[in-house]
Protein chains: 4
Amino acid sequence: MAVNNKGKVLLAYSGGLDTSVILAWLIEQGYETLAYIADVGQEEDFESIKAKALSVGASKVFVEDLKAEFVKEQIFPAIQANAIYESVYLLGTSLARPVIARKQIEIAEREGCQYVSHGCTGKGNDQVRFELAYYALKSDIEVIAPWRLPIFFERFAGRSALLDYAAEHKIHVAQTKAKPWSTDENLFHISYEAGILEDPNVTPPKEMWKLTVDPEDAPNTPERITITFKNGIPVKVVNHNDGQVETEAVKLFTYLNTVARRNGVGRIDIVESRFIGVKSRGCYETPGGTILRTAHMDLEGLTMDGQLRALRDQNITVPYGKALYNGQYFSPECEYLTQSIEFTQRNVSGDVKLKLYKGNTIVEGRSAVGAGAKLYDMQESSMDEQGGYNPVDADGFIKVHSIRLRKWTPQQ
Amino acid sequence: MAVNNKGKVLLAYSGGLDTSVILAWLIEQGYETLAYIADVGQEEDFESIKAKALSVGASKVFVEDLKAEFVKEQIFPAIQANAIYESVYLLGTSLARPVIARKQIEIAEREGCQYVSHGCTGKGNDQVRFELAYYALKSDIEVIAPWRLPIFFERFAGRSALLDYAAEHKIHVAQTKAKPWSTDENLFHISYEAGILEDPNVTPPKEMWKLTVDPEDAPNTPERITITFKNGIPVKVVNHNDGQVETEAVKLFTYLNTVARRNGVGRIDIVESRFIGVKSRGCYETPGGTILRTAHMDLEGLTMDGQLRALRDQNITVPYGKALYNGQYFSPECEYLTQSIEFTQRNVSGDVKLKLYKGNTIVEGRSAVGAGAKLYDMQESSMDEQGGYNPVDADGFIKVHSIRLRKWTPQQ
Amino acid sequence: MAVNNKGKVLLAYSGGLDTSVILAWLIEQGYETLAYIADVGQEEDFESIKAKALSVGASKVFVEDLKAEFVKEQIFPAIQANAIYESVYLLGTSLARPVIARKQIEIAEREGCQYVSHGCTGKGNDQVRFELAYYALKSDIEVIAPWRLPIFFERFAGRSALLDYAAEHKIHVAQTKAKPWSTDENLFHISYEAGILEDPNVTPPKEMWKLTVDPEDAPNTPERITITFKNGIPVKVVNHNDGQVETEAVKLFTYLNTVARRNGVGRIDIVESRFIGVKSRGCYETPGGTILRTAHMDLEGLTMDGQLRALRDQNITVPYGKALYNGQYFSPECEYLTQSIEFTQRNVSGDVKLKLYKGNTIVEGRSAVGAGAKLYDMQESSMDEQGGYNPVDADGFIKVHSIRLRKWTPQQ
Amino acid sequence: MAVNNKGKVLLAYSGGLDTSVILAWLIEQGYETLAYIADVGQEEDFESIKAKALSVGASKVFVEDLKAEFVKEQIFPAIQANAIYESVYLLGTSLARPVIARKQIEIAEREGCQYVSHGCTGKGNDQVRFELAYYALKSDIEVIAPWRLPIFFERFAGRSALLDYAAEHKIHVAQTKAKPWSTDENLFHISYEAGILEDPNVTPPKEMWKLTVDPEDAPNTPERITITFKNGIPVKVVNHNDGQVETEAVKLFTYLNTVARRNGVGRIDIVESRFIGVKSRGCYETPGGTILRTAHMDLEGLTMDGQLRALRDQNITVPYGKALYNGQYFSPECEYLTQSIEFTQRNVSGDVKLKLYKGNTIVEGRSAVGAGAKLYDMQESSMDEQGGYNPVDADGFIKVHSIRLRKWTPQQ
């Protein structure tokens with residue numbers, strides 16, 4: 001029997017095979033081990049996970065509902081920033097890590113844990129995201145990353161070693177056969193990677209996708225909604241098919257997930273560049289987030305000055321996506337970016353009308369309120385009227401812009 | 001009767017009401033007027049346009065087939081660069097202007113025209129695109145832009161004045177009622193703007209869309225194709241439903257248009273920021289281009305180094321889109337960008353498998369050939385195996401990256 | 001005699017020949033003309049300029065001391081941002097224009113002027129800077145720019161026409177011969193351009209330079225000062241040679257000018273790209289600003305996170321310099337940039353020791369206070385000690401960074 | 001006595017204490033050790049270093065003159081790119097590492113060495129620069145970095161342990177007392193760091209500086225030179241004081257070092273952000289490089305289109321500096337940047353006149369030849385003449401640029 005003389009560890013615990021084995025193994029190594037279960041909206045039975053942690057030997061278990069801060073502090077700023085990685089990935093896992101890690105450090109401090117631990121592998125992005133957050137928030141924290149410790153990863157080289165150890169330690173393992181891929185789920189998205197997906201030319205099987213129906217199975221009739229934004233943040237969703245209205249942040253976002261899910265919106269399948277320099281293939285479903293991003297960008301078209309938008313695209317969207325992906329949310333540069341985002345969203349208020357249909361999010365119209373409504377002037381942009389400005393001005397505009405171009409000598 | 005004593009003008013002529021009136025008016029003003037009709041793939045009867053120009057009084061008419069150079073010199077580099085404007089618009093009109101203007105200048109020089117003319121309005125982007133190209137290619141060319149001349153625009157303030165003038169001058173006007181929007185069409189796309197579209201909250205009518213079927217009317221059965229790229233340029237398309245194969249540039253691109261059209265792929269509806277500082281609403285169909293962009297970006301995920309890709313996204317994609325949109329294709333900076341593109345595409349060779357279904361372009365797999373195939377290593381990226389590198393290395397990687405973050409003091 | 005029936009104009013008046021002629025001419029054209037003299041620190045006798053304006057016929061004259069707002073709202077943020085244009089020009093004229101224009105609009109509104117006017121030429125940057133500021137601050141203001149009105153510039157084509165008109169209208173002209181260049185002076189800098197400087201290969205004559213002594217004539221003994229910054233803003237200067245101390249913003253900046261002036265610091269001579277696309281040659285003296293920029297950047301080296309600094313260099317320094325140069329200070333993008341600057345300066349507090357010697361500003365040491373002092377850790381950065389981190393970590397760091405590079409195939 | 005059964009190592013050898021001890025220690029560990037001495041222009045007696053390596057036990061010694069490739073392949077492209085790090089550091093050490101590492105890998109391959117080794121510490125940038133280059137050029141090379149091996153660094157923790165070992169192994173150590181700082185020297189620069197410099201507030205002692213005289217000791221009479229560039233590369237230097245002319249690359253650069261040295265040009269003292277996240281203080285002398293950079297940037301002002309220059313500053317200057325500093329010269333992104341540089345330099349041909357005086361590099365004039373000479377047009381840029389363009393055009397230019405600004409609502 002182990003003696004708890006090495007100090008206290010707070011383990012980020014999911015209830016799955018890996019972290020259950022890690023929990024037992026940490027205890028075996030002589031650590032008093034506390035389990036921390038973060039509810040960021042994944043579809044799980046948290047009570048049974050808690051019970052499992054206690055049964056494996058956790059000295060305390062904390063289940064924390066982080067959904068509200070996840071939506072308000074991570075998801076909504078990401079929507080305001082149009083955050084994206086490599087032009088395609090909406091950063092679902094990256095966004096959840098900061099709130100999970102921050103609460104873990106908070107509990108570790110409160111409970112007097114010298115160590116924190118997690119079940120991330122040694123090849124992925126998540127180890128980096130968790131640990132850089134830990135160190136940034138508490139510079140003297142010590143991290144136990146079993147999948148990077150030879151004593152652990154050499155012992156558990158393969159699923160059968162884990163299963164054997166689980167059996168030995170009476171860790172309950174779900175009877176369902178393990179899926180041939182790994183997932184990470186939260187309110188914003190689910191990811192699928194590894195296993196059969198490692199061949200980038202293999203089409204994911206239809207049954208893999210969990211958070212959205214196949215576009216081919218979605219209804220034949222479109223569904224129409226309107227999203228209202230205030231300063232770039234969604235504050236209301238109205239469904240014109242059934243009249244449902246949502247305004248509270250978590251409910252609104254959850255409802256967008258529901259609507260997107262049934263219309264097959266939000267799937268992607270990519271090969272991405274991990275921070276550690278390895279390419280990997282990932283499939284993702286981001287139902288509500290996909291709708292919100294489309295709607296938000298559209299409203300910016302109407303309400304945001306073009307020069308500001310161009311600057312923001314380069315200054316915030318790109319580095320924010322990179323910082324999030326690379327696990328540097330808690331950093332001087334990301335703090336600066338986060339603070340700057342709101343200055344860009346002052347005018348982004350109004351409505352966007354959308355049609356959802358078999359995987360498509362189609363913008364059908366938009367309108368602005370407040371100062372942003374000044375930017376679009378129907379008479380001025382009209383090709384048919386002479387309003388707004390004197391066409392003769394364009395003459396000087398073009399002439400002056402041509403000055404430097406007239407001196408250009410094309411390369412031979 | 002007019003006397004041709006003011007010199008020679010080469011007018012970019014479309015056969016429509018505006019440029020027909022301009023043609024007659026230029027002659028009336030005392031210019032010998034030659035007409036130039038650029039075939040960039042729009043669906044038109046060029047012979048009848050030519051006949052019309054002659055009947056209105058053009059002293060010569062040139063019909064130029066620019067499709068091959070449009071595809072090879074403009075469309076394919078844009079695909080290689082993932083060119084886009086304000087994250088949404090694929091630049092269909094912008095891309096065609098340089099090839100049209102270059103040929104116009106070439107003919108003007110050959111025919112000894114001191115002037116070139118066009119029918120663009122004084123509020124749009126196209127006047128800028130044409131004229132900056134003219135001036136860059138021939139710094140002493142003189143431009144007659146009737147819609148910016150008070151003598152012209154005050155006389156023709158409204159469609160009825162144009163119609164009256166056309167009637168007077170026996171200019172044939174199609175009996176079909178004018179559409180309540182304007183269009184610009186080429187092999188890459190069609191645009192719709194003005195008229196009823198000027199209210200950004202009005203949903204475009206179903207009958208407006210010309211180059212694609214409505215996703216709701218597209219087939220219920222998906223169509224599967226594979227696109228092969230060599231150095232970022234599409235060199236083969238195979239249709240797995242019917243076995244059709246295309247490899248020649250123009251045919252390949254035209255075929256992608258055909259396939260995209262029937263599956264409802266490539267519609268967008270946006271409010272954009274024109275170069276002249278006005279916001280305007282545009283609807284666009286870019287069928288084949290939408291498929292190609294999706295496929296190309298996906299293959300880059302597999303074959304392009306992540307750091308190179310990030311740099312290219314900032315260094316080329318963004319400024320290239322801006323330069324194209326703002327009519328500065330013939331410029332020192334765009335020449336530099338164009339020359340640099342190919343260095344980024346060395347490894348972008350391989351196949352992308354796509355499913356087209358009711359508006360969706362869904363990637364189903366990809367594979368690489370050549371040096372780019374080295375970048376993705378299944379064993380290395382596998383979460384299940386210990387291949388590739390020692391997980392212990394990630395420890396040092398994270399520790400070193402944490403050094404600066406541990407010194408961060410969050411703002412109070 | 002003129003009748004004032006065209007409305008009221010507020011003219012930015014310098015007391016020089018050009019604006020005196022413009023003043024008389026505006027009155028002659030039938031405008032009630034008010035004169036506005038901005039004191040942004042140029043060395044002038046404002047009372048005599050005021051008297052001159054009244055004598056020429058201004059109905060009212062306003063002399064406004066803008067030095068404090070110029071220093072605090074324009075100069076100090078520019079120092080915080082390390083603002084620069086084309087890597088060399090410190091933006092002295094650009095920085096003053098916003099405060100001058102803002103006060104002009106404020107007075108124009110108060111006095112009920114429908115028009116504002118200025119004496120800028122039609123080829124320079126300043127017309128753009130003034131007018132874009134006017135329009136941004138009061139969108140319906142009307143601008144009279146005589147040097148762009150054919151009726152004016154054709155009449156006054158050459159200095160002798162101006163002198164003749166001045167003589168006719170009893171406008172006093174200084175007896176000193178006109179200098180063979182133009183200048184613009186304020187507290188931050190003086191510019192020299194035009195005239196003999198138009199040949200970019202002509203070395204400026206020694207007597208041209210006004211705000212600094214020739215480095216060759218500066219003292220043979222260096223002068224040592226320490227500048228203290230708080231959040232990137234200079235709050236104290238101590239002169240170690242004579243013990244003088246300055247802490248109030250305007251006095252501090254003026255004193256830095258004094259010290260820099262006598263040590264020959266702050267001259268540049270460049271060819272720059274004007275916004276309007278013309279290249280022009282400018283010589284500038286920015287004495288105190290040159291010292292401050294060097295000191296500020298040095299302190300950032302000690303106190304600012306490297307990633308934040310790199311981001312700021314791209315995100316703020318570059319576009320801020322461009323927006324200032326191009327006259328777009330009052331714009332959505334520049335407002336966003338200005339607001340973001342302070343987030344980057346949180347830690348930039350401490351002292352910089354400088355030696356001034358015959359044109360050189362030599363950093364001799366620096367120290368930090370507050371959170372920024374944490375970033376530099378002598379033991380950690382020491383090559384001689386094993387403190388700070390385990391060298392073995394660097395092994396993993398390098399190995400992981402090499403992963404993608406090992407897959408690189410150099411171009412043949 | 002050691003047996004050479006562990007394989008062959010090629011050690012980058014400097015002749016100093018550290019690498020001499022490493023050489024002996026590698027042999028002791030059972031490696032056949034070959035020594036490689038790179039001549040990148042440092043002032044050394046290479047024959048005596050070679051003799052020392054042999055005396056310590058190297059099985060072979062290679063002295064390689066890399067000066068020509070260093071100048072042509074590294075220094076000149078860096079000048080063309082205006083390469084700089086953190087706005088101040090001219091990258092002298094970073095630039096030499098690629099040529100040193102490339103030759104080391106070339107010899108290692110030829111000689112059948114499985115290993116390469118170096119004497120860099122575990123805290124600096126140079127370990128990264130060497131090793132990333134090694135791995136990029138030969139992905140299966142193995143690196144022995146003794147200062148990161150506990151078996152080595154624990155044994156040699158302090159200079160006295162090294163001296164003792166040297167004495168034991170009859171390694172000759174120069175009798176001169178070790179300097180209280182470290183240096184790295186090559187043709188481009190010398191660096192000073194560590195030791196007494198670790199306190200960033202300590203002013204470097206006068207006797208530290210080696211490659212330049214103190215500005216206070218430089219001649220009282222200025223020296224005037226003209227540098228001629230062709231496509232951004234210096235091809236001729238003329239000294240107007242004594243008539244000396246240099247045109248061959250290495251001689252020209254060496255001569256610029258000579259001239260700069262005697263005039264006290266090229267010193268800097270900074271705190272920089274190392275790649276590994278540690279801040280460190282470095283002092284540098286880059287005599288000829290400082291002159292060249294000033295001259296090159298000045299000529300670009302005259303000959304390079306402003307938009308191209310702005311794009312290059314962001315697209316090349318910044319990432320090139322970063323890639324060099326971080327040791328990623330041999331990488332996909334740096335290859336792309338290097339290839340792109342030349343497109344930006346097409347027009348950068350002409351002369352720059354400079355005055356060197358007590359630390360100052362003062363531009364006194366410049367002229368262009370070739371296509372770049374078209375960009376500056378004296379008449380056009382003249383404020384005094386009405387040539388070039390119609391001032392009325394500026395009216396439209398400003399009006400159109402004001403369109404979006406008139407819609408701006410400042411934040412309350």
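Guide: Let us begin with D:K67, which is partly exposed at a relative accessible area of 21%; here buried means under 20% relative accessible area, exposed means over 50%, and partly exposed is what lies in between, with a 1.4 Å probe and protein chains only. Its partner D:D65 counts as exposed, at 52% relative accessibility, and the side chains of D:K67 and D:D65 meet in a salt bridge with 3.3 Å from N to O. A salt bridge is a side-chain nitrogen of Lys or Arg within 4 Å of a carboxyl oxygen of Asp or Glu. Salt bridges that share partners also join A:E43, A:E185, A:K210 and A:R261 into one network.

Before going further, please keep in mind that this is a predicted model, in which local features need pLDDT of at least 70 and side-chain atom pairs count only at pLDDT 80 or more, while totals for chains, interfaces and linings use all residues. Residues are numbered from 1 along each chain as its sequence is written, chains are lettered from A and ligands numbered from 1 in the order in which they are written, and side-chain values use heavy atoms, leaving out hydrogens and water.

Over all chains, the structure holds 142 salt bridges. One of them links the side chains of B:K355 and B:E364, at 3.9 Å from N to O, and both B:K355 and B:E364 are buried. Another is formed by D:R309 and C:E86, whose closest N and O atoms are 3.2 Å apart. D:R309 lies in helix α10 (residues 306–325) of chain D, whereas C:E86 lies in the loop between α3 (67–81) and α4 (92–111) of chain C, so this pair joins two chains; helices are DSSP runs of H or I with at least four residues, numbered from the N terminus. Both D:R309 and C:E86 are buried.

A:R346 forms a salt bridge with C:E335, the closest N and O atoms being 2.5 Å apart. On the side of chain A that touches chain C, the elements giving two or more residues are α10 (306–325), α11 (332–344) and α13 (391–405) of chain A, and the largest share, nine residues, comes from α11(A). The contact, which means heavy atoms within 4.5 Å, takes 25 residues from chain A and 25 residues from chain C. The area buried between chain A and chain C is about 2,200 Å², with carbon and sulfur atoms giving 64% of it; buried area is the accessible area (1.4 Å probe) that two parts lose on being put together, summed over both.

To place these two chains in relation to each other, chain A can be laid on chain C with an RMSD of 0.0 Å by a turn of 180 degrees and a shift of 0.0 Å along the axis, the copies being superposed by least squares on the C-alpha atoms of residues with pLDDT of at least 70 in both. That is the relation of a two-fold axis. The same surface serves both copies, since 100% of the contact residues of chain A recur in chain C.
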